[in-house]
Amino acid sequence: MQHITDPIDRRLLDDFQRDFPITERPFQVLAAALGLDEAEVLDRLARMRKTGRITRVGATITPGAVTASTLAAVAAPAEQLEDVAALIDAEPGVNHNYQREDDWNLWFVATGPDREHVNDTLARISYRTGLRVLDLRLVRPFNIDLGFRMSGTARSVPGPRKVDRSAMREGDRPLLQALSSGLSLVAEPYAELAQSLNRDPDDLMERIRALHQAGIISRLGVIVRHRALGWSANAMVVWDMPAHQIGAAGPALAAHPGVTLCYERNPVEDVWPYRLYSMIHARSRSEAMEVLTKAEAIPELEGARNKVLFSTRCFKQTGALIQPKEAAA
């Protein structure tokens with residue numbers, strides 16, 4: 001891919017977006033696989049983080065596993081868009097905020113430790129902006145494991161994982177929050193994390209393994225910024241179809257080449273009828289539309305009306321809020 005010309009950097013981003021080693025010196029494991037020394041791996045990752053190609057080396061948490069979240073949208077007047085976006089970004093629970101090409105032009109994800117926290121976030125945004133907020137709650141995911149390959153070859157995405165919420169133990173929330181924010185790029189990141197949480201390093205690594213095995217941690221590894229790496233044409237495609245068809249259409253759409261995310265959400269009566277959501281991350285609009293044209297031919301989607309919302313700007317992209325900020329402090 002033209003944005004990553006260095007073959008070692010490509011391998012770092014291709015091979016370690018998931019299943020990151022949970023061991024005393026994980027970057028040493030990466031170094032051995034790449035034929036480098038540990039210091040160079042750390043330097044390369046630090047450089048890519050500084051230049052905005054990656055956000056962190058850390059975890060993504062399965063939506064709904066230990067937190068509440070929702071996709072939301074507002075229709076901001078063009079002359080107020082910047083101010084409204086800033087008000088949305090100021091909410092600690094908002095971890096993604098994008099401008100999209102639609103009358104509903106600001107789309108964001110609100111997260112929190114429970115549904116009440118999310119509701120409060122949406123209520124504050126509505127009050128402070130004076131705008132209606134669409135609350136588009138997740139019903140079920142079909143593919144939420146977002147990953148990107150630098151080599152241009154087809155990516156291999158694991159199937160949906162069963163989540164065992166009973167695996168949670170006392171002290172896991174602050175651990176998950178820290179992993180969601182990212183590991184330090186040091187030789188012994190788990191030891192440093194354990195010290196910051198006043199935990200034993202071996203116990204901490206065992207908890208990370210258990211949470212990953214339970215599906216609560218959906219992915220542990222290098223988290224890339226897809227826009228900075230060339231996926232600049234990102235389309236959210238929403239599909240209007242009866243609820244009883246989603247069970248067949250969702251998996252078929254999720255398996256379609258070029259579709260990077262797929263899930264069902266609740267519609268909003270008389271305002272937003274769409275139930276099935278998909279994301280297409282492409283290098284150009286024509287490439288994205290080609291993926292969509294082929295997706296429209298999927299038999300399970302026959303007769304479904306769709307709407308395409310290209311994103312034009314990213315205002316915010318961080319990890320999820322797992323515990324209130326005051327608890328994290």
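Select Arg140 to begin: with a relative accessible area of 32%, this residue is partly exposed (buried means under 20%, exposed over 50% and partly exposed in between, with a 1.4 Å probe and protein chains only). The model is predicted: local features need pLDDT of at least 70, side-chain atom pairs count only at pLDDT 80 or more, and totals for chains, interfaces and linings use all residues. Residues are numbered from 1 along each chain as its sequence is written, and side-chain values use heavy atoms, with hydrogens and water left out.

**Stop 1: salt bridges**

Strands (E, at least two residues) and helices (H or I, at least four) are DSSP runs numbered from the N terminus. Glu264 has a relative accessible area of 6% and is buried.

How many salt bridges does the rule give? The count comes to 20.

Next, select helix α10 (residues 285-295), which holds both Lys294 and Glu290, 4 residues apart, or about one turn of the helix. Their side chains meet in a salt bridge at 3.5 Å, N to O. Glu290 is partly exposed at 45% relative accessibility.

Now select Arg283 and Glu287. They form another salt bridge, with 3.7 Å between the closest N and O atoms. Arg283 is partly exposed, at a relative accessible area of 32%, and Glu287 is partly exposed too, at 28%.

**Stop 2: Arg56**

Select Arg56, in strand β1 (residues 54-61). Is Arg56 buried or exposed? Arg56 counts as buried, because its relative accessibility is 10%. Show its side chain along with Thr55 and Ser180. The side chains of Arg56 and Thr55 make a polar contact at 3.1 Å. The term covers a pair of N or O atoms within 3.5 Å; within protein, one must be able to donate a hydrogen and the other to accept it, and residues adjacent in sequence count only if both atoms are side-chain atoms. A polar atom of the Arg56 side chain also lies 2.6 Å from the backbone oxygen of Ser180.

**Stop 3: a negative patch**

Select Glu24, Glu188, Asp200 and Asp202. On the surface, these residues gather in a patch of negative charge. A patch is made of residues with over 30% relative accessible area and no salt bridge; like charges are joined within 9 Å, and nonpolar side chains (Val, Leu, Ile, Met, Phe, Trp, Tyr) within 5 Å. Asp and Glu count as negative, Lys and Arg as positive, while His and the chain ends are not counted. The place of a charge is NZ of Lys, CZ of Arg, CG of Asp or CD of Glu.

Zoom in on Glu188. This residue lies in the loop between α6 (172-181) and α7 (189-196), and its 31% relative accessibility makes Glu188 partly exposed.

**Stop 4: pairs across the sequence**

Select Leu42 in helix α3 (residues 38-50). Leu42 counts as buried at 12% relative accessibility.

Move to Leu81 in helix α4 (residues 81-89), which is buried at 6% relative accessibility. Its C-alpha atom is separated by 8.1 Å from that of Leu106, 25 residues apart along the chain.

Then select Gln245, found in the loop between β8 (233-240) and α9 (246-254). Gln245 is partly exposed at 28% relative accessibility. Gln245 and Leu276 lie 9.8 Å apart, C-alpha to C-alpha, and 31 residues apart in sequence.

**Stop 5: positive phi**

Most residues other than glycine have a negative phi. Which loop holds Asn198? Look between α7 and α8 (201-213). Phi of Asn198 is positive, near 55 degrees, and Asn198 is exposed, with a relative accessible area of 74%.

Finish at Asp270, in the loop between β9 and β10 (276-282). Asp270 has a positive phi near 65 degrees and counts as exposed at 78% relative accessibility.

Terms used. Accessible areas come from the Shrake-Rupley method with a 1.4 Å probe; for residues, only the protein chains shown count as cover. A salt bridge is a side-chain nitrogen of Lys or Arg within 4 Å of a carboxyl oxygen of Asp or Glu.
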